[in-house]
Amino acid sequence: MSDRLHTLSGYFHEYQKSVAQPEEFWARIADSFHWKKRWSKVLQWNFEEPDVRWFVDGKLNITENIFEKNLYTLGDRPAIIWEPNESHEEVRTLTYRELFVEVCRFANALLSKGIGKGDRVIIYMPMVPEAAIAMLACARIGAIHSVVFAGFSSSSLADRIQDCQAKAILTADGNYRGSKKITVKGIVDEALEKVSVETVIVYRRTGQETFMQSGRDFWWNEVLEGQSEFHKAAEMDSEDLLFILYTSGSTGKPKGVVHTTGGYMVYTKYSFENVFQYCPGDVYWCTADIGWITGHSYIVYGPLLAGATTLMFEGIPTYPHPGRFWEVVEKHQVNVFYTAPTAIRALQAFGTEPIEKYNLSSLKVLGSVGEPINEEAWHWYHTHIGKGKCPIVDTWWQTETGGIMISPLAGITPTKPAYATLPLPGIQLSIVDADGKELHGNSVEGNLCINFPWPSMIRTTYGDHDRCKQTYFSTYKNKYFTGDGVKRDHDGYYRILGRVDDVINVSGHRLGTAEVENAINEHPKVIESAVVGYPHEVKGQGIYAYVICDMSNRSEENLIQEIKETVSKIIGPIAKPDKIQLVPGLPKTRSGKIMRRILRKIAEGSLDAMGDISTLLDPEVVEKIKAGRK
Ligand code: PRX
């Protein structure tokens with residue numbers, strides 16, 4: 001039985017079934033996978049704790065469902081096509097059979113270094129096929145991977161190593177990003193001055209001079225020497241941890257979102273096939289980095305479980321020219337293209353000339369992810385990239401949801417610009433007001449919640465279950481709270497309005513305002529700071545920081561520069577504030593709480609509509625901040 005939807009009426013029919021009989025619905029989908037032992041119970045759940053278990057007692061290995069299950073039929077099909085940073089450098093293509101051999105060899109190499117089931121392994125790597133091989137090899141032996149985006153600083157990396165008590169780090173000597181050659185191992189070394197791991201395995205990408213600590217650091221090719229091309233997959237419980245992925249929240253410290261094996265496997269394949277309507281032989285390209293959940297679910301696991309050909313791109317959209325994406329589409333005859341609104345807006349700024357040089361007729365489906373796509377960008381994408389004939393799937397989801405929750409099904413669900421449209425079958429949404437009252441019917445607006453479990457949902461935050469409970473399951477009783485505002489229009493279509501908590505979304509990257517403030521406050525001259533998001537033409541949201549500083553012996557210009565560098569060093573360049581305003585004070589209530597509402601208004605330039613400021617300790621400070629607005 002195929003779990004693929006083909007028509008709109010089929011979608012509505014399946015949706016009804018998924019709500020009326022969720023266990024039957026998911027059991028049918030899960031039955032198309034290879035289980036070493038079938039589950040005894042489809043679902044056991046309780047949102048109070050929360051305690052959610054899918055396919056209870058089921059035994060499996062996710063990589064067997066990528067390889068062994070498909071090898072006879074897919075062996076010679078390309079699994080990964082790798083397009084390097086430089087277009088003249090050689091493309092690498094790994095068939096399913098070749099990828100399987102590489103995964104097995106690396107799995108054996110990990111075992112030979114004493115890494116095994118349950119160990120945490122940090123992957124801090126550029127966009128090379130070895131990054132995917134590393135993830136799959138961990139899954140093969142039952143080690144828990146935690147990929148850290150290679151743009152994060154040494155101190156962010158150290159925090160993550162510490163939090164998950166990693167045993168090993170898989171990394172590379174360096175990374176090519178556009179015209180830059182970036183040291184990667186050097187950052188790992190800096191992190192390892194603060195925390196320690198037993199083993200570091202280093203892939204040679206740039207060939208730059210690299211420090212190797214004897215007994216701890218090993219070259220990738222050397223650990224592979226003599227390793228067998230077969231590894232018998234470890235038997236995993238459905239609820240064994242597959243990976244941890246750190247993401248920002250409203251408090252200072254990023255949290256380790258935990259995903260488990262069985263449910264994540266079922267949901268990523270199911271959502272991949274249905275949303276993109278992937279057809280065998282299509283070339284699929286998701287431009288995300290594997291350091292984010294999009295890379296996990298829709299570069300690696302979802303596509304490979306579906307036997308797809310997934311393209312991995314090492315470079316950036318504008319190097320060596322702003323037509324690079326379209327050059328790659330033509331070169332590899334890409335059929336499905338999935339990117340972020342921020343990339344679309346950045347490329348839109350170059351006009352249509354860079355597009356016209358390339359033949360984009362292979363494209364069938366376009367996707368968008370990571371942040372709300374504005375109508376202008378949607379139309380530009382539809383007209384100039386899709387030539388008016390490709391459906392756009394605006395996919396709403398989160399690190400915590402593991403897979404796409406709300407999205408059109410390509411070519412099936414009628415689209416509406418800037419709308420993520422309808423939930424996938426199996427996803428039971430609700431909209432609640434501030435008091436938690438569910439708003440029924442259409443034409444309503446409120447906070448987006450999910451009422452019922454789905455297989456790829458977050459299970460816990462690593463090492464701190466209470467944080468998971470407080471963040472997602474305590475705001476509204478018996479509901480998972482997403483942190484997003486949403487509108488359901490007169491057609492019942494969903495439009496995501498953005499975060500309602502202290503999380504900002506910069507170029508599709510999630511950052512907590514408190515996290516950025518903590519980094520700013522590390523500068524010795526900083527007394528206090530407050531960070532808010534503001535609308536940014538390309539990035540979606542920009543970071544606006546209001547900072548109280550000790551100005552002695554420093555010029556304003558120098559201080560601002562130094563603060564930016566501090567943030568870059570502590571978190572990474574993605575968190576560098578776009579605007580820093582040095583202020584004499586912050587708008588605080590008598591109880592000392594910063595009124596961010598006011599700071600947001602000033603940052604976005606709505607200077608007249610301050611609302612009630614009478615409860616402020618010092619209302620005059622507002623005028624002073626307004627006068628110095630950047
Ligand atoms: O605010 C929503 C926004 O990104 C947040 C999740 O961020 P992250 O966990 O980093 O995952 C990003 C990739 C899935 C959400 O809470 N977001 C994601 N997709 C959309 C979106 N906002 C609007 N429309 C989307 N399609």
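A: Start with a polar contact, a pair of N or O atoms within 3.5 Å. Here, a polar side-chain atom of D394 lies 2.8 Å from a nitrogen atom of the ligand. For Q398, a polar side-chain atom is 2.9 Å from an oxygen atom of the ligand, and an N or O atom in the R510 side chain is 2.6 Å from a ligand oxygen atom. Taken alone, the ligand exposes 540 Å², and the protein buries 95% of that (Shrake-Rupley method, 1.4 Å probe).

A word on the source: this is a predicted model, where local features need pLDDT of at least 70, side-chain atom pairs count only at pLDDT 80 or more, and totals for chains, interfaces and linings use all residues. Residues are numbered from 1 along each chain as its sequence is written, and side-chain values use heavy atoms, leaving out hydrogens and water.

Q: Which residues around the ligand come nearest?

A: A residue belongs to this group if one of its heavy atoms lies within 4 Å of the molecule. Of the 17 residues around the ligand, D394, T395, T399, D484 and R510 come nearest.

Q: Is H88 buried or exposed?

A: Buried means under 20% relative accessible area, exposed over 50%, and partly exposed in between (1.4 Å probe, protein chains only). H88 counts as exposed because its relative accessibility is 68%. H88 lies in the loop between β4 (78-83) and β5 (92-95); strands are DSSP runs of E, at least two residues, numbered from the N terminus.

Conventions:
Helices (H or I, at least four residues) and strands (E, at least two) are DSSP runs, numbered from the N terminus. A polar contact is a pair of N or O atoms within 3.5 Å; within protein, one must be able to donate a hydrogen and the other to accept it, and residues adjacent in sequence count only if both atoms are side-chain atoms.
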